Amino acid sequence: MLTFLSKNYGFFILAVVLFWLKSVIAYETQFKLGIENTMQQFLLIINPLSTAVFFMGLALFAKGRRSFIWIIVIDFLLTFVLFANMVYYRFFSDFITLPNLNPKQMQNMGDMGGSILALIHWTDILFFADVLILIALLVFGIIRPNKESRIRARKVVGVLTLGVAMFFANLGLAEIDRPQLLTRTFDRNYIVKYLGMTNYQIYDAVKSTESQTQKALADSSDVNEVLNYTKSKYAAPNPEYFGKAKGKNVIYIHLESFQQFLINYKLNGEEVTPFINSFFKDQNTLAFTNFFHQTGQGKTADAEMMLENSLYGLSQGSAFTTKGSNTFQSAPGILANYGYDSAVFHGNYKSFWNRDEVYKHFGYNHFFDASYYDMNDNDVSNYGLKDKPFFKESEPYIESLKQPFYAKFITLTNHFPYPIDSDEASIAPATTGDSSVDTYFQTARYLDESVKSFVTYLKETGLYDNSVIVMYGDHYGISDNHASAMTKILGKDYNAYENAQAQRVPFMVHVPGVKGGVKTQYGGEIDVLPTMLHLLGIDTKNYLQMGTDLLSKDHKQLVPFRNGDFISPTYSLIGGKYYNQTTGEPVEKETKEMEATKDTVSKELQLSDSVLQGDLLRFYTPEGFKKVDPSKYNYNKKKSDSEDTTETTK
């Protein structure tokens with residue numbers, strides 16, 4: 001055996017087999033790929049082989065010991081790609097895309113150090129065991145490669161050809177089970193499930209490169225198709241609500257990672273979020289119970305993109321980091337035409353998610369980032385300033401705004417992995433045994449107390465009675481990787497259908513003088529901007545917006561998700577399967593109506609992507625809208641004579 005392994009091809013075969021076994025184990029234990037039949041299981045088992053054979057086969061061009069070293073290096077690189085996706089998937093339930101490697105987005109990941117460490121397990125070293133074994137065989141002389149041995153180039157080409165042939169055979173079988181796999185899919189799960197992790201990364205790189213060329217090739221005619229679509233689905237404002245908030249301040253309170261199931265939820269007989277519950281039930285609050293987040297890989301940034309622009313986040317990466325210099329017709333830019341001042345308050349540094357650049361293109365007048373706050377060690381969590389000092393220290397900055405104003409407050413404390421000091425936890429944790437799920441309720445309570453203090457301040461200053469106050473959840477807090485714990489929390493099997501239902505997040509709009517109540521119509525973050533503009537008396541008919549007014553009688557109750565799935569009041573498409581939305585039972589046969597809805601969702605996502613990828617809004621300006629000039633905005637903190645000239649401590 002050792003003699004066999006001392007040959008280039010023997011070592012190559014061992015490396016391929018070990019990598020193949022490791023990949024299959026990772027697929028089965030680290031990812032939820034939704035295996036539905038024997039063919040998919042077979043493809044899952046064989047798909048690592050083609051890339052392992054091809055890429056490790058490249059090392060066979062080298063001579064002697066160098067060939068062995070290159071096999072190990074390639075094995076390590078392929079393993080690192082697999083491992084990086086494992087860690088990323090544990091939080092995002094998604095795979096890394098090339099836009100995620102954008103330098104500014106990578107900086108975000110660096111700032112998320114605490115969360116990343118919480119996602120790494122000591123057992124992960126086992127996924128590098130084969131690399132260590134190969135190194136040990138070579139370093140300790142267990143195998144002794146011939147320094148002059150070399151496989152003929154003709155045979156190496158044969159190995160590479162075998163790898164390519166295996167890939168196309170794999171692809172052919174995948175196309176039988178999933179036609180048009182590479183041309184119609186929005187779901188990265190399918191690519192990994194059918195073709196493997198490395199082939200997915202290659203596919204993603206090709207798609208990303210294609211998208212980068214779209215802006216250069218776009219022209220003014222491209223925006224017409226999108227405008228025709230958005231005008232055809234325009235929902236006229238409801239006279240009962242149109243203009244009822246005209247001239248009032250607008251205050252958004254961003255409830256980080258806050259899901260709808262927390263509303264009125266009791267843990268051990270105690271309300272987790274008593275104040276937010278009372279806000280939900282207030283007589284002047286429009287409370288939407290079938291409102292869903294629709295974020296993709298950008299999570300919070302995607303939520304902001306939708307709320308500010310009524311455009312979906314991208315299918316890959318974050319538009320904030322890759323399309324931040326685009327032309328936008330955002331809420332602050334629109335409201336500036338009606339005399340509104342605008343500001344964002346956030347206890348993190350302005351470069352996070354490229355906000356200091358993208359907000360200029362949105363038209364925000366002010367951005368109060370971490371440099372405006374006391375970032376001492378006691379008050380800083382792993383993502384920035386804790387919510388209680390954040391709101392308290394924001395008060396003088398609110399008072400500096402000219403009324404009416406449009407302001408957004410982005411909270412941070414209720415964020416994975418939900419760390420909280422014992423002296424700040426005013427409710428006991430849950431007892432599922434899943435640490436991040438258990439402490440989620442404690443950080444949610446802390447957020448609730450923070451918001452209560454802030455709203456009390458608004459009431460004391462009179463701002464409460466002259467403002468529309470919006471509270472919304474940006475994205476899920478508990479991913480589907482915590483299904484077992486969520487089954488205990490919700491008291492029912494947390495399957496794919498229930499996970500989709502749990503993507504509901506709060507959307508509560510408090511309008512002084514307007515009769516509130518629970519609203520059950522289906523909608524999502526894409527619908528927020530037209531809803532709010534109509535409340536303020538601004539008709540959205542001429543704007544390019546993918547969403548529609550939730551309060552309009554013409555609002556179509558269809559909620560698209562970034563991967564092409566959707567939810568409606570009657571049926572839903574979840575993970576490629578249809579469900580009866582009322583009963584949760586699977587629907588075996590796709591009707592023409594279902595197929596038409598799926599095509600509508602696909603078209604809407606593609607059109608939204610075309611706007612961002614081609615920067616199409618540079619070719620269209622609605623009547624009455626003044627284009628935003630980003631050069632007019634500067635978010636550097638101005639030092640007054642009385643301020644300390646030292647930099648804010650990081």
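Visitor: Which residues of α13 meet which residues of α19?

Guide: On the α13 side you'll find Pro274, Phe275 and Ile276, and they meet Arg445, Asp448, Val451, Lys452 and Val455 in α19. Keep in mind that this is a predicted model. Sorted by type, the residues of that contact come out as 5 nonpolar, no polar and 3 charged.

Visitor: How do I read the packing angle, and why are α13 and α19 described as oblique to each other?

Guide: Look at the axes: those of α13 (residues 274–281) and α19 come within 7 Å and cross at roughly 60°. Roughly perpendicular starts at 65 degrees and roughly parallel ends under 35, so α13 and α19 are oblique to each other.

Visitor: What about the nonpolar core?

Guide: The general idea is that in soluble globular proteins, nonpolar side chains tend to be buried together. Here the largest nonpolar core has 84 residues, and Phe345 and Phe441 have the most contacts inside it. Helix α19 (residues 435–461) gives the most to this core, with 10 residues. There's also a second, separate core of 75 residues, with Trp353, Val468, Leu550 and Leu551 among them.

Visitor: What does phenylalanine 441 touch, not counting residues up to four places away in sequence?

Guide: Phe261, Leu262, Tyr265, Leu267, Val272, Ile427, Ala430 and Ile489.

Visitor: Which backbone nitrogen does the side chain of aspartate 615 reach?

Guide: That of threonine 327, at 2.9 Å. Leaving aside neighbours within four places in sequence, aspartate 615 is in contact with Lys215, Asn326, Thr327 and Ser610.

Terms used. Residues are numbered from 1 along each chain as its sequence is written. This is a predicted model: local features need pLDDT of at least 70, side-chain atom pairs count only at pLDDT 80 or more; totals for chains, interfaces and linings use all residues. Side-chain values use heavy atoms; hydrogens and water are left out. A polar contact is a pair of N or O atoms within 3.5 Å; within protein, one must be able to donate a hydrogen and the other to accept it, and residues adjacent in sequence count only if both atoms are side-chain atoms. Contact means heavy atoms within 4.5 Å. A nonpolar core is a set of buried Ala, Val, Leu, Ile, Met, Phe, Trp, Tyr and Cys residues joined through side-chain atoms within 4.5 Å. Buried means under 20% relative accessible area, exposed over 50%, partly exposed in between (1.4 Å probe, protein chains only). Helices (H or I, at least four residues) and strands (E, at least two) are DSSP runs, numbered from the N terminus. Axes are lines fitted to C-alpha atoms, for helices over the stretch in contact, and angles run from 0 to 180 degrees between N-to-C directions. Angles under 35 degrees count as roughly parallel, over 145 as roughly antiparallel, 65 to 115 as roughly perpendicular and the rest as oblique. Ala, Val, Leu, Ile, Met, Phe, Trp, Tyr, Cys and Pro count as nonpolar, Asp, Glu, Lys and Arg as charged, and the others, Gly among them, as polar.
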